Amino acid sequence: MIDISNVVKDGTNLKKNLTNFSWTMEFGIAKNNVFDDIELGDIMVIKLDDKEIFSGVVINSDLTNNTYQAIDYCWYFSNNEEIRQIQGIEASVVVKNMLEQFGATVGQVDSCNTMIDKLFFGKTIGAIIKEIIQNIKELENLDFRFFYHASKFYFVKSKKTKYKQNVYTPISTLNGVLNKNIFNALDYITIPTRKASIENMRNCIKVFQSDGKDYRQIYNKKNDSSIIKYGLMQKLVEIKDGDNFGEDRANNMLLENNKVEEKISLELPLLSQFLDVGELLELNYEKFNIHGVYEITNISYTFSNHKTIFKASLDLERVV
């Protein structure tokens, strides 16, 4: 491993979003006696206050400008296709077995009630895990996260899910530093952008069973107050004879789809505390009419020569 915490150039960028498992770092280094030659496949490490915040493998290099791109080890799970016959095994056990068979070190794995019974052919491990996460969401209305941290891989309930279960408290204070003075970084943000949309809302879910010729409606779940306020926005779901699709799954689909999406974007210019996507922030900005709990869906750090202070750009989505 190569620790580049003290030699990366100003402007190093570290970013991640909820749709991808991996952190990506883009950085440049001036050649010197210690770091004369970085090669593809080398392992890069960044630390903050002696704690590792990123380690990953160099996958791209610009040899002319001495700039590089490194991605954490979840990247490997998007580049290895598999054949997996899974017959009635609990989802978290499936994920744990795949990780162990790949030779990965496994951290915390949270159990669930979703059973996997499917043949996966020519799909990457990452794609299989994403499908499993989607199945858990549809069957149990639980959000799961898969990520790499401090040399281990994790498959756990999201903080959003834990918050809804009253077992997690959102963050309302973040460390910021200016001239060695410590303050709440959330008190010093750029002017946020705020957007709301019903474009993806579906307030009626109808489930039909099909034998290839005929369709028979088995569930019709709807939210009358939403339909009155916003108009009917209907989603049709087709299932085959023999598919296991219970009423709870239809109810969960309605819960997930019948909502107004509210998103905000902001910058924290003097942050000195590292955050991951999926973290929850409790925000109260009277001036901007922003109040509530928001999940970080996308984050991008830009590091300067001040090794413990950086700028963070955040995209957030309202939880409640």
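Guide: Two strands pair if DSSP finds at least two bridges between them. Welcome to this predicted model, where local features need pLDDT of at least 70, side-chain atom pairs count only at pLDDT 80 or more, and totals for chains, interfaces and linings use all residues. Residues are numbered from 1 along each chain as its sequence is written, and side-chain values use heavy atoms, with hydrogens and water left out.

Visitor: Why is strand E15 said to pair with E16?

Guide: Seven bridges join E15 (residues 204–210) to E16, and pairing takes at least two, so the two strands pair. They run antiparallel. Cys 204, for instance, has Lys 222 in E16 as its bridge partner.

Visitor: What makes E2 and E3 a pair?

Guide: Three bridges link strand E2 (residues 13–17) to E3, against a requirement of at least two, so these strands pair as well. They run antiparallel, and a hairpin of six residues connects them. Lys 15 stands opposite Thr 24 in E3.

Visitor: How do you know that E3 also pairs with E6?

Guide: Five bridges join E3 to strand E6 (residues 67–71), and at least two are needed, therefore they pair. This pairing is antiparallel too, with Phe 27 opposite Tyr 68 in E6.

Visitor: Why is strand E3 called mostly covered?

Guide: Buried means under 20% relative accessible area (exposed is over 50%, partly exposed in between; 1.4 Å probe, protein chains only). Four of the five residues in E3 (residues 24–28) are buried, so the strand is described as mostly covered.
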